[in-house]
Amino acid sequence: MADRGGKAPAWTSAAAVDVDAEMVIVGAGIAGLATALALRRLGVGAAGGGVLVLERHAELRSTGAALTIFPNGWFALRALGVAHKLTSRYDAFETSRVTTLETGATQVFRFAGRKSSSGDVRVRPMHRKALLEALAEELPPGTIRFSSKLASIATEKAQGSPEIAVLRLDDGTVIRSKVLMGCDGVHSVVSQWLGLSEPASSGRSAVRGLAVYPDGHGLKKELRQFLSEGLRAGMVPISDTDVYWFLVNNTVPAEQEAGTDPAKILREVTDNLGRHMPAEYLDVARHSDSGNLSWAPLLYRAPWAILRGPAARGPVTVAGDAFHPMTPDMAQGGCSALEDAVVLARALSRAATPADGVASYVAERRGRAAWLVAGAYLSGWVQQGGTNVRGVRGYMVRLFRDWIFYRFLFPRLADTMWFDCGDLVEPNAEGKTHSE
């Protein structure tokens, strides 16, 4: 079957069979698709069944509506060879304007921190699905196997052969693979099998939505944020017609009551939690596409669990949210997943055995991942004015936020978003990569 452009799609539907694969990736999100593409660029896993991506949903997930890609994400996308497909579609922005509603004070800061941005290495918000499709389009037909839910994981070792992973799906399919990479999100089955700790609650939740203005919204290309006690709201244009918006709140019972009902979620934002937000923000919220409206708790894995937890066992490891779930306060969930993909594929391409490659990848990524999780948590906690902190302590946190954090600490945190994970291949003696 071909898509509308005449190109065979990179996905198939599930059918109960026994399968042998060189490498299996669980999850067709950002981490999974990027890892599959990185492996393809390096020619890793090309023989003996190739690379197989298992996705439990029936199609590519668009949960989250939108995301922002910072310079570190663009370095990774450039290495993957897809950056040009997205920079031509989405405009960059440089500034964030933050208003404290109680005082009316507004601060403006640059997302580039103390660096200077140029070319495609700039901050760009985009539709999540556009990124997924840009990655999936580069994969060979049959790479992604939809409606494939993982039921169990085991390992086995034949005499004289390296240990392999054995996966059983809920439809009875058995898959044997030399490498298993779990890219299956915050509640990862693979991370649970490895023994990583469960993600913890940050005490905060976030409503996220995508507003659509068919005739154009006329908003300036910048991130606008509004701070109030226990709340942080924001909005940023993605295109001339679409605006991504969010409301981060200290977790309240109304979240469970609203569930996944878009009408209840929106009513809670406009009539209760965010009723005192500026009119322009509430107008954006009311223009929401109901299919892209969500309200969910913000979870993270403790940095020490990332530094010391069992993130690998033989040929099995995890990447993206399955490895280091973090709060979205530095917009690094997707960017760090892209970094993981490049580093993991590169490590596997250089290693003598799959287990050696997996161990090398985990060793390289632990420190940076733990730092990003800690930085995101701190950033969110401070910007929120201290989660569930009131009285004198809350006042001191807000004072620190308004006078020190945005002026001095955030620029340093922003500098970490300029990390370059490197190319997929080493430059040769003439300074060019082997693919040039």
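**Notes on the model**

Reader: Is Arg56 buried or exposed?

Author: Arg56 is exposed, at 57% relative accessibility. The classes are buried (under 20% relative accessible area), exposed (over 50%) and partly exposed (in between), with a 1.4 Å probe and protein chains only. This is a predicted model, in which local features need pLDDT of at least 70, side-chain atom pairs count only at pLDDT 80 or more, and totals for chains, interfaces and linings use all residues. Residues are numbered from 1 along each chain as its sequence is written, and side-chain values use heavy atoms, with hydrogens and water left out.

Reader: Where is Arg56, and what is it in contact with?

Author: Arg56 lies in the loop between β3 (51-54) and β4 (66-69). Helices (H or I, at least four residues) and strands (E, at least two) are DSSP runs, numbered from the N terminus. Apart from neighbours within four places in sequence, Arg56 is in contact (heavy atoms within 4.5 Å) with Ser147, Ser148 and Lys149. The C-alpha atoms of Arg56 and Ser148 are 4.5 Å apart, although 92 residues separate the two in sequence.

Reader: How many helices and strands are there overall?

Author: The protein has 12 helices and 18 strands. Of its 436 residues, 55% count as buried. Among contacts with a separation of 6 or more, 76% are between residues 24 or more positions apart.

Reader: Let us turn to Trp74. Which helix holds it, and what is it in contact with?

Author: Trp74 is in helix α2 (residues 71-80), and at 0% relative accessibility it counts as buried. Beyond four places in sequence, its contacts include Ile69, Ala83, Leu86, Asp120, Val121 and Met126.

Reader: How many salt bridges does the structure hold?

Author: The structure holds 17 salt bridges, each a side-chain nitrogen of Lys or Arg within 4 Å of a carboxyl oxygen of Asp or Glu. Side chains of opposite charge can pair when their charged atoms come close. Arg41, Lys85, Glu137 and Glu138 are linked in a network of such bridges.

Reader: What does Asp329 pair with, and is Asp329 buried or exposed?

Author: Asp329 forms a salt bridge with Arg204, the closest N and O atoms being 2.8 Å apart. The pair links distant parts of the chain, 125 residues apart: Asp329 is in the loop between β18 (316-318) and α10 (333-350), and Arg204 is in strand β12. Asp329 is buried, at 8%, and Arg204 is buried as well, at 1%.

Reader: And what does Asp91 pair with?

Author: Asp91 forms a salt bridge with Lys221, with 3.7 Å between the closest N and O atoms. Asp91 is partly exposed at 46%, and Lys221 is partly exposed at 39%.

Reader: Changing topic, which residues make the nonpolar surface patch?

Author: The patch covers about 810 Å² and is made by Val392, Tyr395, Met396, Leu399, Trp403, Ile404, Phe408 and Leu409. Patches are made of residues with over 30% relative accessible area and no salt bridge; like charges are joined within 9 Å, and nonpolar side chains (Val, Leu, Ile, Met, Phe, Trp, Tyr) within 5 Å. Phe408 sits in helix α12 (residues 391-415) and is exposed, at 52%.

Reader: What is the accessible surface of the whole protein?

Author: It comes to about 18600 Å², of which 52% belongs to carbon and sulfur atoms. Accessible areas come from the Shrake-Rupley method with a 1.4 Å probe; for residues, only the protein chains shown count as cover.

Reader: How many disulfides are there?

Author: A search of the whole structure finds 0 disulfides (pairs of cysteine sulfur atoms within 2.5 Å). Cys183 is buried at 5% relative accessibility, and Cys421 is buried at 6%.
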